[in-house]
Amino acid sequence: SAPYTMERSVSELTETALLAPVTAEDDEPTAGTVTLTGTYVVTENRTGKRMAAGKRNVSASYDRPRQEFANMRAQRDASNRAARELAELLRLAIAQDMSKG
């Protein structure tokens, strides 16, 4: 059996970062930002003691073209970039926390 249990969660927030005027009355989003937030808790199974816990945020920006498919693809690519970076940050944070305990 494993000595530790880790609970983790990731949430995503997509926001419009820049609006450009298209007409006198309308604006069109031209840039976006994807923010991923990851949380973790590592617990020792034998004692139930919390060994490590934390939260990390990563943002990735992307251009929002007018074509719907291109916009969806750009957002997905930004999410993938942020996910890779978040995974590395969490790995390092957990290793650091565990080395202290």
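**Confidence**

The model is predicted, and the mean pLDDT of the chain is 91, with 95% of its residues at 70 or more. Within the chain, strand β3 (residues 50–63) has the highest confidence, at a mean of 95. Strand β1 (residues 4–21) has the lowest, at 89. A reminder for any model of this kind: where pLDDT is low, the predicted coordinates should not be read in detail.

**The helix and what covers it**

Helix α1 takes in residues 68–100, a run of 33 residues. From the first C-alpha to the last, α1 reaches 48 Å, which is close to the 48 Å expected at 1.5 Å a residue. Buried positions are found along α1, among them Asn71, Ala74, Ala78, Ala82, Leu86, Leu90 and Ile94.

**The nonpolar core**

The largest nonpolar core holds 16 residues, and Tyr40 and Val42 have the most contacts inside it. At least two residues of this core come from each of β2, β3 and α1. Helix α1 gives the most, with seven residues.

**Two residues to look at**

Ser79 belongs to helix α1. Because its relative accessible area is 15%, under the 20% cut-off, Ser79 counts as buried. Leaving aside residues up to four places away in sequence, Ser79 touches Glu12, Val34 and Leu36.

Gly54 sits in strand β3. Its relative accessibility is 21%, so Gly54 counts as partly exposed. With residues up to four places away in sequence again left out, Gly54 touches Gly38, Thr39 and Tyr40. Its C-alpha atom is separated by 8.5 Å from that of Leu90, 36 residues apart along the chain. Leu90 is itself one of the buried residues of α1.

The two residues are set out here for reference.

| Residue | Relative accessibility | Class |
|---|---|---|
| Ser79 | 15% | buried |
| Gly54 | 21% | partly exposed |

Conventions. Residues numbered from 1 in each chain as written. Predicted model: local features only at pLDDT ≥ 70, side-chain atom pairs only at ≥ 80, totals over all residues. Heavy atoms only, no water. pLDDT = per-residue confidence, 0-100. Helix = DSSP H or I, 4+ residues; strand = E, 2+ residues; numbered from the N terminus. Buried < 20%, exposed > 50% of the residue type's maximum accessible area, 1.4 Å probe, protein only. Contact = heavy atoms within 4.5 Å. Expected span 1.5 Å × (residues − 1). Core = buried A, V, L, I, M, F, W, Y, C linked by side-chain atoms within 4.5 Å.
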